[in-house]
Amino acid sequence: MAERLPTQGPAHIMHALRAAALAVVDGANLGDVMGCADEVQCDDIYHYESTVPRGRLTLAPKSNGAFVIVDGSEMGTPGHHLHLDCCVTFMDSDGATIDCIVAVEVDGDGMIEEIYPIPLGVLEPHRDYRVIGVDRAEARRKFAQIGCVSFTRGTRITMADGAQKPIQELRAGDRVLTRDAGPQEVRWVGSNTVKAEGAFAPILIKAGTLNNLGDLLVSPDHRLFVYQRQDTLGAGRSEVLVRAQHLVNGQSVLRVEGGYVDYLQLLFDEHQIIYAEGIAAESLLVDGQTRPALPEDLAEKFAKTLPGRDTGLRADYEVSETLARRPDAVDLLRRASSR
């Protein structure tokens, strides 16, 4: 049985493939399925077989920097550790590139149980992809970017004085209004530009959908805070956190794919609930997954304080995906939170 170390922070959901979904059809490793970095050769051509079942890996960061598969994961064995082996860069026949994290599940004895390619873009069914790069160091940074809850350029943030300020204009030292701790200073504003596809395709919450002032565009796993005057959603509490991607309904909440998106992250001394376009939403939570996305000096600081920090802040507030995906969830949350 895998060692049960304490986890830090909320679980992260990754959409993963099984190794058999990617097999070499031309090259040095002809016939082999996706393996670890030492087994992947540049110029090998992999065929993506979309009929191989895919699913979600539900992971939690550990206090020692590792990751563990947790209960409720569609793939893998709860308690087994997951190792981020490398990042493979593919090129399709049109010249477009797609990064793919290769994650390795190991059992309690350290033996490989399964290998999971985690595409960061969209792999087209039954297409061929040529390997143009294999990078061990890049895997953890890419994985961290997925876990970083992010706003997008142009999002208006409520400042300590009530002013609405575009997030890209914020700087370290600026004071932002938080729900629970009043005005708090921003410690860091992170930014990165990525292709708006797959794991990085943002979620659009149209103006008014959750009583928001304007359109809100956030990363898929960004958790929104809603106070229900009555628990109409059936969450068992009035204060809830719900992931943006779980609210997608194809009408008022949409996944926006295509082109590029500028993502920005706000870091405070503690994980906070702030206001963006009038919606209460979380700031960046530093845990074992997201820490590699920080500048080195901040990463070292949080590495020292993480073991004693309540990084699971409001973990019990989170609404299950089953509840959040019910057809009337958005309407129920809007009505329940209306003044």
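Mentor: Helices (H or I, at least four residues) and strands (E, at least two) are DSSP runs, numbered from the N terminus. This is a predicted model, in which local features need pLDDT of at least 70 and side-chain atom pairs count only at pLDDT 80 or more, while totals for chains, interfaces and linings use all residues. Residues are numbered from 1 along each chain as its sequence is written, and side-chain values use heavy atoms, with hydrogens and water left out.

Trainee: Where is Leu17 found?

Mentor: Leu17 sits in the loop between β1 (12-16) and β2 (22-26).

Trainee: Does one call Leu17 buried or exposed?

Mentor: The terms rest on relative accessible area: buried means under 20%, exposed over 50%, and partly exposed in between (1.4 Å probe, protein chains only). Leu17 counts as buried because its relative accessibility is 1%.

Trainee: Which residues does Leu17 touch?

Mentor: A contact means heavy atoms within 4.5 Å. Not counting residues up to four places away in sequence, Leu17 touches several residues, including Leu22, Tyr48, Arg54, Met75 and Ile115. The C-alpha atoms of Leu17 and Ser50 are separated by 9.1 Å, although these residues are 33 residues apart along the chain.

Trainee: How does one read a nonpolar core?

Mentor: In soluble globular proteins, nonpolar side chains tend to be buried together. A nonpolar core is a set of buried Ala, Val, Leu, Ile, Met, Phe, Trp, Tyr and Cys residues joined through side-chain atoms within 4.5 Å. Here the largest nonpolar core has 33 residues, and Ile157, Val176, Leu210, Leu224, Leu247, Leu266 and Leu333 touch the most other members. Among the elements that give two or more residues to this core are β18 (223-227), β21 (260-267) and α4 (329-337). The largest share of this core, 4 residues, comes from α4. Apart from this core lies another, of 24 residues, among them Val24, Tyr46, Leu123 and Tyr129.

Trainee: Which residues does Leu210 touch?

Mentor: Not counting residues up to four places away in sequence, Leu210 is in contact with Ile205, Leu224, Leu247, Ile279, Val330, Leu333 and Arg334.

Trainee: How many salt bridges does the structure hold?

Mentor: Side chains of opposite charge can pair when their charged atoms come close. A salt bridge is a side-chain nitrogen of Lys or Arg within 4 Å of a carboxyl oxygen of Asp or Glu. The structure holds 23 salt bridges. In one of them, the side chains of Arg136 and Asp85 meet at 3.5 Å, N to O. This pair links distant parts of the chain, with Arg136 in helix α1 (residues 136-147) and Asp85 in strand β6 (residues 81-91), 51 residues apart. Arg136 counts as partly exposed at 44% relative accessibility, whereas Asp85 is buried at 7%.

Trainee: What parts does the pair of Glu282 and Arg223 tie together?

Mentor: The side chains of Glu282 and Arg223 meet in a salt bridge (3.1 Å, N to O). Glu282 lies in strand β23 and Arg223 in strand β18, so the pair ties together parts that are 59 residues apart in sequence. Both Glu282 and Arg223 are buried. A network of salt bridges links Asp221, Arg223, Arg243, Glu282 and Glu318.

Trainee: How many disulfides does a search of the whole structure find?

Mentor: A disulfide is a pair of cysteine sulfur atoms within 2.5 Å. The search of the whole structure finds 0 disulfides. For Cys86, the nearest cysteine sulfur is that of Cys36, 7.3 Å away. Cys86 is buried, at 0% relative accessibility.

Trainee: Which strands are joined to β21?

Mentor: Two strands pair if DSSP finds at least two bridges between them. Strand β10 (residues 151-152) is joined to β21 by 2 bridges and runs antiparallel to it; Phe151 stands opposite Leu264 in β21. Strand β15 (residues 188-195) is also antiparallel to β21, with 8 bridges, and Val189 has Leu266 as its bridge partner in β21. Of the 8 residues in β21, 6 are buried.

Trainee: What does the secondary structure of the chain come to?

Mentor: The chain has 4 helices and 23 strands. Buried residues make up 51% of its 339 residues.
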